[in-house]
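Please keep the sequence and the structure in view while reading.

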Amino acid sequence: MTEPGDAVVPMTGSDAVETRQAATAARAELARRTAELARLEQEACADLEKRRAQLEAEFAKRRGELEAAARPLREQLERLTEVMWTVDLYLGRDETLRLIREGEPAPADTSITLRQRVLVMAEESLVMMGRKTTGMTAENIPEFVDWLLADPANLDRVLPEPKGVVVLIPTKVKTRSGNAFEDAFRDAGNQQSWWLLRNGERLYLLTVDPELRIHDRVLPRRTEFSEVFDRHLFGFGRPLGEPVRPGSDEWLKLEKVADARRRHYMRVLMVLQGIIDRTPVWHPLPEGGASFLRLADQDAGKIVLVQDGDDSLQLTDGRETFREYQRRLNAQLRPGMRVIGNWHARDFQELYVKGDRWSRGFHPRLHPGNLYERPKADVPHLIEGRRDGGLVIRFKRTEKIEKRNVPVPDDPGYVWPIAYVEPTQRASCVIMTDDTWVLPYDLVTVPELEHYLNSRDNRSDYFLSMVPTIQAALAAKRAEAEQEAPFRDLIARNLIMAGADPEQAPALVDELVHWWKVANLWARPLNGEPEHEAKAASQIIAEYKALAARPDTEDIEAIIAAGCAVPGAIAVAQDKQGRWKAFAPSTPAHDAGVFLDVVPIRRDGTLGAPEREKIITRRSATSLHVAWSGPEWSTWSFGANRNHYLTQAERTQLVDEIRQVDSGRTICVTERFDPAAPGTRILVAYSWASGTPADAPIIPDDDPLSSYRHDSVETAVRAIVKDATGVRLVDARGESAPGFSAYTSRSRWGSTPWWPDDAHRYADVRPRLVWADEDVLDEIKAYRDRCAEAYALQRKQRDERAAAAYRYSRPLEDIIRARQEQAAHDRFVEDFGANAEDLWPAHLASLNLSAPIHSRDLWGIIAAALEHGHDVVGRTLADLAELAWQHQNQAGGGVAHPQPRRRRRVRGHHRPRTRRRRTA
């Protein structure tokens, strides 16, 4: 077998020129054959692709015809299946009915009550069982039944009607085992409905087909079916307010949704009607029987539907949610108070920082770092101080710790290299006021906690996790009240002697003892210290007498009206001496929530002279009898340390002092304050060094003051010290000032060295403006505008030169490309012959020619020449490259391709810290 070229060009050793000509002709012929085969291959592929598309279209058409023919049959089959399933629900095919308690049935004329709200066994049992209960799942149904039957109050809580039904599910909490299949299986069981049926003393537990899923309500809400046509619930995309046209596709979709809901609720009633018709559960029945499906029986009172789960019909008690209640009270925590918490809560555990192969893990709230223990849960802990912006509690450690070189007992001179010993110091834990696992033990009351335990409207996964802590707080408070019983009895007798109603004395004692513990600096029980109890008793009796001396209701209303008329008033209250006062935030308020203006209110409704910028202590605030308050009152920072905050007069004095530090013209003064380190305040004065901004040299820059090379703005940094001797400025060692354009502000001056008060707060502490010379700021703004105009003109000229360079470089690129292709074509003619032009386009594409000079370099050479005023016409590229090289060596740089300008950082601000390395 011979190759295609062998027969065309026999190698006989003839003249080399003739051999090459023959090889060239043969090569051209082979290239033509290859191109022809490629063309035929493309045509074949196109023909096959066309046939495939035709077959797919035919297949889609036939499939559509079959689908259209099968759709009515499938829909009819689905309807029949649904009908059979509904009938099976009525017949009780897949249900189980178990009698869990015998007894006498209710009379025949007793109404059968159906409750709308679906209850949760975990919530009911967790709230009402002992504090050792940690929750339940579908596996704990027997325990729930035992709890239900243990006390008649438990049953009356779940189903109070003598004849009726309520639906329960085990829990709403999702399983988190880490195994997705196991979680799905357990969640399905936890969502299954269990129907509790009651007839007098008889109790039944019913389960139905799991496919009948009931989540929140057994009966529809009053507005449920009308809400179906709110297209925002279902995402049909029509603008709100535009009517849905009856008969349209959208109308039909909405109608199907409404029909599905109606059928669901009808099936629930079918299950209950099947219970009436098939079983003696609710026997004896009234004369003529009873039916859940007849409206006449509801009108006659045989069937009663309780809409206890319809939000549109429920009137709330107006009280805040448990989370709001907890957040409000936690904001009032201070050293000296006690807290109780769940230190095994998920939120607390998730703060743990896991270690790696080089370091061990640690919990940032616990000290020391190698601590494995947690504070004892469900036990009150005393707040003993502040740290890291939070509050510190301490607890005794029970685990032994590893210690080196421990002396051996009874053997002087010898030590154990490593031994486990009892720790000598207590451990500590930091809590924050927004922690979800902490309750303020001294601020909560027994009635409030009992309210939230009994309120089904406050149930959530988060609330359930706090139930053991709430129950522990209740148990601790009741135990503390028992310890204080002798003291409380003494207080009750004294109150009665002071004129209190004997029947109201116990509740009054609870209220006053709670007040005294909160008002006292260190909260502790009253159980055995005579001096401590005598002081508490005298203060409590005095507080009661102050309460009894309040004016009549009509006078109080007039006083409250007068106090509310004070501008910005957030509270109207009466102090222990019976004096009425209005409280309003001081203005201007650089530190919010600290200073109050106190306005006395006379009995005739007139106002006295206000006391400006007062800090109300925690004890004084708790001793007030607040008759009216706004939302700010509950979050106010009572008891703030006066040495940590400045009055307006003190701030003005310090500003005047720091303005005298520099000889320049002061622009503004800023103040930096970190609430986590309230003992430190930094004051920074910015001044224009010399002259005026109008005389400053123009620097082409969009913001010349952001450059660290600009030395027109000088800074003076001082720390503020406030103590018993007064307030003064001292050197701020280690503190630096942000650059003048450190922050992007929405003010009319642009970027400033302060952070605006109305801006979004970030984690870091940013300076705030305390004084400014607006005339100088206006001059600086004008100077910035002039520099920005010069910069814009410079950019424009540079862009024009760049465009001119492009006008030269782009034609040159075309010329270079044409010469490249011409050289390649000459080579092609040599290789394929002059008669092979039909092969040239494919050959050119296969070469992948690259330019000998990059377009960016070509532009740069021309731009450099134009930049320095050289005429590029008539010069070679070699001459232009030599000129560019000479100018680059002279100037130390070259012409760069135009790029977006990057802002330079201000020296000393936002610069990342680097670790120093020791050098030899």
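The text below moves from the whole chain to its strands, cores and helices.

**Overview**

This is a predicted model, in which local features need pLDDT of at least 70 and side-chain atom pairs count only at pLDDT 80 or more, while totals for chains, interfaces and linings use all residues. Residues are numbered from 1 along each chain as its sequence is written, and side-chain values use heavy atoms, with hydrogens and water left out.

The secondary structure of the protein chain comes to 24 helices and 25 strands. Helices (H or I, at least four residues) and strands (E, at least two) are DSSP runs, numbered from the N terminus. Of the 920 residues in the protein chain, 40% are buried; buried means under 20% relative accessible area, exposed over 50%, and partly exposed in between, with a 1.4 Å probe and protein chains only. Contact means heavy atoms within 4.5 Å. Among contacts in the protein chain with a separation of 6 or more, 66% are between residues 24 or more positions apart.

**Strand S5 and its neighbours**

Strand S5 spans residues 194–199, and six of its six residues are buried. Trp-194, Leu-196 and Arg-198 point one way from S5, whereas Trp-195, Leu-197 and Asn-199 point the other way. Strand S4 (residues 163–169) pairs with S5 in the antiparallel sense over six bridges; two strands pair if DSSP finds at least two bridges between them. Strand S6 (residues 202–207) also pairs with S5, in the antiparallel sense and over six bridges. The hairpin of S5 and S6 has two residues between the strands, and Gly-200 takes a positive phi near 70 degrees there.

Because five of the six residues of S6 are buried, this strand is largely enclosed by the rest of the structure. S6 also pairs with S1, in the antiparallel sense over five bridges. Leu-99 lies in strand S1 (residues 96–101) and counts as partly exposed at 35% relative accessibility. Leaving aside neighbours within four places in sequence, Leu-99 is in contact with Leu-203 and Tyr-204. The C-alpha atoms of Leu-99 and Val-281 are separated by 9.2 Å, although these residues are 182 residues apart along the chain.

| Residue | Bridge partner | Strand of the partner |
|---|---|---|
| Val-165 | Leu-197 | S5 |
| Trp-195 | Leu-206 | S6 |
| Leu-197 | Tyr-204 | S6 |
| Thr-96 | Thr-207 | S6 |
| Ile-393 | Cys-429 | S14 |
| Leu-596 | Lys-614 | S19 |

**Nonpolar cores**

A nonpolar core is a set of buried Ala, Val, Leu, Ile, Met, Phe, Trp, Tyr and Cys residues joined through side-chain atoms within 4.5 Å. The largest has 47 residues, and those with the most contacts inside it are Trp-195, Leu-196, Leu-197, Trp-282 and Phe-292. Helix H8 (residues 249–278) gives the most to this core, with six residues. A second, separate core of 38 residues includes Ile-393, Tyr-452, Phe-463 and Leu-474. Not counting residues up to four places away in sequence, Phe-292 touches residues including Ile-112, Leu-114, Leu-269, Trp-282 and Ile-303.

Six strands form an open sheet in the order S9-S14-S11-S10-S8-S15, with antiparallel pairing. Strand S9 (366–367) and strand S15 (438–440) stand at its edges, each with a single partner strand, so one side of each is left without a neighbour in the sheet. Within this sheet, five bridges join strand S11 (residues 390–395) to strand S14 (residues 427–431).

Another open sheet has five strands in the order S19-S18-S17-S16-S20, again with antiparallel pairing. Its edges are strand S19 (611–614) and strand S20 (625–629); each has a single partner strand, so one side of each lacks a neighbour in the sheet. Strand S18 (residues 596–601) pairs with S19 over two bridges.

**A helix crossing**

The axes of helix H2 (residues 16–91) and helix H21 (residues 774–832) come within 7 Å and cross at roughly 100 degrees. Axes are lines fitted to C-alpha atoms, for helices over the stretch in contact, and angles run from 0 to 180 degrees between N-to-C directions. H2 and H21 are therefore roughly perpendicular to each other, a term that covers angles of 65 to 115 degrees. At this crossing, Arg-20, Thr-24, Arg-27, Ala-28 and Ala-31 in H2 meet Glu-830, Asp-831 and Phe-832 in H21.

Technical notes:
Angles under 35 degrees count as roughly parallel, over 145 as roughly antiparallel, 65 to 115 as roughly perpendicular and the rest as oblique.
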